[in-house]
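Visitor: I have a protein model to look over. Please walk me through its fold.

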Amino acid sequence: MTTLLYGRPPAVFDPPGDAAQTSPLIPGSTPLESVAEGSVDAIMVYAPPGVLERRYTLALALRALKTGGRLDVMAAKDKGGSRLNKELEAFGVEVGESAKAHHRRCVVLKPATTTGLDEAIAAGAPRIVPGLEAWSQPGVFAWDRIDPGSALLAAHLPPMKGSGADLGCGYGALATVTLRSAQVTALRLIDLDRRAIEAARKNVADARAAFEWADVRTLEAAGDLEFIVTNPPFHDGGTEDKRLGQAFIQKAAAMLKKGGVMWLVANRHLPYEAELNAAFRRVRMVADKGGYKLFEAVK
C-alpha cells in the first residue's frame, strides 16, 4: 500500500508514520508534483492556508490517488478549514466532514471521474509574475509582489564584498540586488521552501550563486562568511513566531567570520534588539520606515 503525507498534521489526527513526505517545506521530501497519476492508495494532507496553494495541493493529491483511494485532509478552522468541504466538492467528489481540535477534517474516496483538477493545478503552478518579471509560485513568501521589508533593505544595502549568504532567500529578489556588486565572490541562497529555491534558480542566473533547500536553523556554521543579508520569516504555519527570526540572528552570527556583517530587516514590532546585541559586537539601526526596521550588525 502506497501512502503519502503532506505537511505535519497535529498528532491528534494520527498521521501515518510510514508515509512518504511530500511537503515543499520539509527539505528532502518528494515533490507531490512528481507523483504518477493514479499511483497512490492514500494521502493525508495538512492543508496550507492560502487558497490557490491549498486548491493546488488538493488537486495534486486527488490526481495522484487511485480510483477508490482515500484523501484525508484537515486544516485549522480559521486557516482554510471552513472552506475545505466546498473546495473539495468543486472537484466532483463526495465529502465526509468532521470537526476536532479546532480543525475541520474531510475524507474523500476518489471517484472514477473528477472535475477541475487541471484548472486548480494551473492556477497554483509556477509562473512568471507580471510586474515582477520573475518566476514565483503561490505559497512562496510574497510570491506576487515586492515585499516592503526586502525593498527597504535593497534600497540601503551597500556593495557587499567576498562570500556571503541570503538566509530565507525566497524567489531571489534580495540575491539579485546583492549580486550587482562585482566584489561579491560567492552567494549562498538558502530557503526552507523548495518552491522558492526552484524559482530562485530561474531568477538568479549568476555563476556565483549556489542554491540550498534547507532549514537555516539546522545549518552547519563554519564561521567563514564575510556577509549575510536576510529578511527572516516570523510565521510558522500561519502563526506568528518571533523565535524564527531570533534563530536566524543566532545562526547568522555563527556563520560569519570576525568582522563579518549582517544586514537584517524586520517588522518594527518584532523584538530582535536583544538577540542582535548579544550576538554581534556592533549594531546600528539604519532605517525605521513603513513599519520595518533595518539593522547593520558587525560580528
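Predicted model: local features only at pLDDT ≥ 70, side-chain atom pairs only at ≥ 80, totals over all residues.

Visitor: What radius of gyration does the protein have, and why does it agree with a compact globule?

Guide: A compact globule of 299 residues would come near 19 Å. The protein agrees with that. Its C-alpha atoms fill a box of roughly 60 × 40 × 35 Å along the principal axes. The radius of gyration is 21 Å.

Visitor: Which strands stand at the edges of the open sheet of six strands?

Guide: The sheet has mixed pairing and the order 2-1-3-4-6-5. Each edge strand has a single partner, so one side of each is left without a neighbour in the sheet. The edges are strand 2 (20-21) and strand 5 (96-100).

Visitor: In strand 6, which residue is the bridge partner of M74?

Guide: Strand 4 (residues 65-76) and strand 6 (residues 103-109) run antiparallel. Seven bridges join them. In strand 6, M74 has as its bridge partner R105.

Visitor: What do the buried residues of helix 6 pack against?

Guide: Helix 6 covers residues 194-203. Its buried residues are R194, R195, A196, I197, A199 and A200. They pack against helix 1 (51-64), strand 8 (134-136), strand 10 (184-191) and strand 11 (209-213).

Visitor: How far apart do the centres of the positive and negative side chains lie?

Guide: There are 37 positive and 34 negative side chains. The centres of the two sets are separated by 5 Å.

Methods
Residues numbered from 1 in each chain as written. Heavy atoms only, no water. Rg over C-alpha atoms; globule rule 2.2 N^0.38 Å. Lys, Arg positive; Asp, Glu negative; His and termini not counted. Charge placed at Lys NZ, Arg CZ, Asp CG, Glu CD. Buried < 20%, exposed > 50% of the residue type's maximum accessible area, 1.4 Å probe, protein only. Helix = DSSP H or I, 4+ residues; strand = E, 2+ residues; numbered from the N terminus. Contact = heavy atoms within 4.5 Å. Pairing = 2+ DSSP bridges.
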